[in-house]
Amino acid sequence: MSRKSAKQIVIEAFSALSGDYDVEKVKELFSEDIIQHGNLPTGRAAVIASIPKFKEAGVTRNTHRILEDGDIVACHSTNSNGKAVFGGIDSIAIFNVWRVDKEGKVAEHWVNLQPILKGPNPSGRTMTDGTTEISDLDKTATNKEIMTNFLETIVIPGHWDKIGTVLSPEKYIQHNPNVGDGVETLQAYMKKVAEEGNGFIYEKLHRVVGEGAFVLTMAEGKQGAVQTAFFDLWRLEDGMVVEHWDVVQAIPPAEQQKHKNGKF
């Protein structure tokens with residue numbers, strides 16, 4: 001009997017944790033020493049301890065996209081009915097990224113979340129709608145390389161005038177809640193927030209996860225003066241980005257974190 005894929009394991013683990021609230025299944029699928037990079041302490045016990053409050057609150061999860069890249073699985077979801085656990089915020093857009101170990105257990109977890117505070121963006125799009133089907137599996141490596149180079153040679157140096165060499169000028173679809181479609185629209189927005197002192201400064205690319213046409217980049221930098229995590233999901237066609245989703249979250253100071261593992 002062959003081992004389940006990392007994606008299958010994560011789907012089952014995710015359901016046990018935040019759908020079925022199945023403690024025994026969580027014990028089976030999560031490593032006892034799971035390494036956390038989010039708002040939980042390291043260890044399976046903390047995962048189990050979080051279940052009752054989510055169950056009592058009635059938090060619901062809708063997962064829109066799941067990417068598998070070796071032992072890493074990235075999930076793009078919406079969590080709703082979360083006022084009791086999200087500080088009074090009803091819904092959040094969230095990326096959960098999981099590593100599955102050789103024993104088939106979830107062994108490491110990264111997360112980035114952002115409140116959904118407004119309706120559709122200027123182009124009528126939400127933070128999570130759009131294309132979901134994974135295609136172009138034969139282009140995974142190429143697309144990851146394109147996006148790695150894009151972050152390292154254009155975004156991190158701040159060459160926003162050159163983004164049209166990778167973002168399609170004809171097809172670029174935007175799901176950021178504050179920006180409409182189009183490369184020029186994005187450039188104008190980035191210039192505006194920079195002039196207001198709240199610009200987006202990417203400083204370091206930590207991880208790239210891809211499957212087919214979809215590539216998730218996990219980077220850190222600053223929004224204004226605040227240290228920030230940028231999780232960006234890109235969809236490519238013929239070597240150009242045609243669709244983009246993102247979740248942006250401030251990184252708490254080290255002394256406020258519940259572990260010593262860092263955000264990344």
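## The largest pocket

Ala, Val, Leu, Ile, Met, Phe, Trp, Tyr, Cys and Pro count here as nonpolar, Asp, Glu, Lys and Arg as charged, and the others, Gly among them, as polar. With that in hand, the lining of the largest pocket in this predicted model splits into 18 nonpolar, 13 polar and 4 charged residues.

This pocket holds about 820 Å³ of space. Its lining counts 35 residues, and N39, L40, F54, V111 and L113 are the ones nearest the centre. Two or more lining residues come from each of α1 (6-18), β1 (30-36), α3 (44-57), β4 (92-100), β5 (106-115) and β10 (240-250). The top contributor is α3, with 5 residues.

## The second largest pocket

Next comes a pocket with a volume of about 160 Å³. Among the residues that line it are Q114, N176, Y189, F200 and Q223. At least two lining residues come from each of β9 (226-237) and β10, and β10 gives the most, with 3. By class, the lining of this second largest pocket has 6 nonpolar, 6 polar and no charged residues.

Strands β7 (residues 200-211) and β8 (residues 214-223) run antiparallel and are joined by 10 bridges.

## Around S80

S80 sits in strand β3 (residues 72-80). Its side chain makes a polar contact with the side chain of S91, at 3.3 Å. Leaving aside residues up to four places away in sequence, S80 touches G58, V59, T60, D90 and S91.

Methods: Residues are numbered from 1 along each chain as its sequence is written. This is a predicted model: local features need pLDDT of at least 70, side-chain atom pairs count only at pLDDT 80 or more; totals for chains, interfaces and linings use all residues. Side-chain values use heavy atoms; hydrogens and water are left out. Helices (H or I, at least four residues) and strands (E, at least two) are DSSP runs, numbered from the N terminus. A polar contact is a pair of N or O atoms within 3.5 Å; within protein, one must be able to donate a hydrogen and the other to accept it, and residues adjacent in sequence count only if both atoms are side-chain atoms. Contact means heavy atoms within 4.5 Å. Two strands pair if DSSP finds at least two bridges between them. On a 1 Å grid over the protein atoms alone, a cavity is a set of points where a 1.4 Å probe fits but cannot get out, and a pocket is an open set with protein on both sides within 12 Å along at least five of seven lines; lining residues have an atom within 4 Å of a point. Grid points are joined across faces, edges and corners, and a volume is the space filled by probe spheres set on the points.
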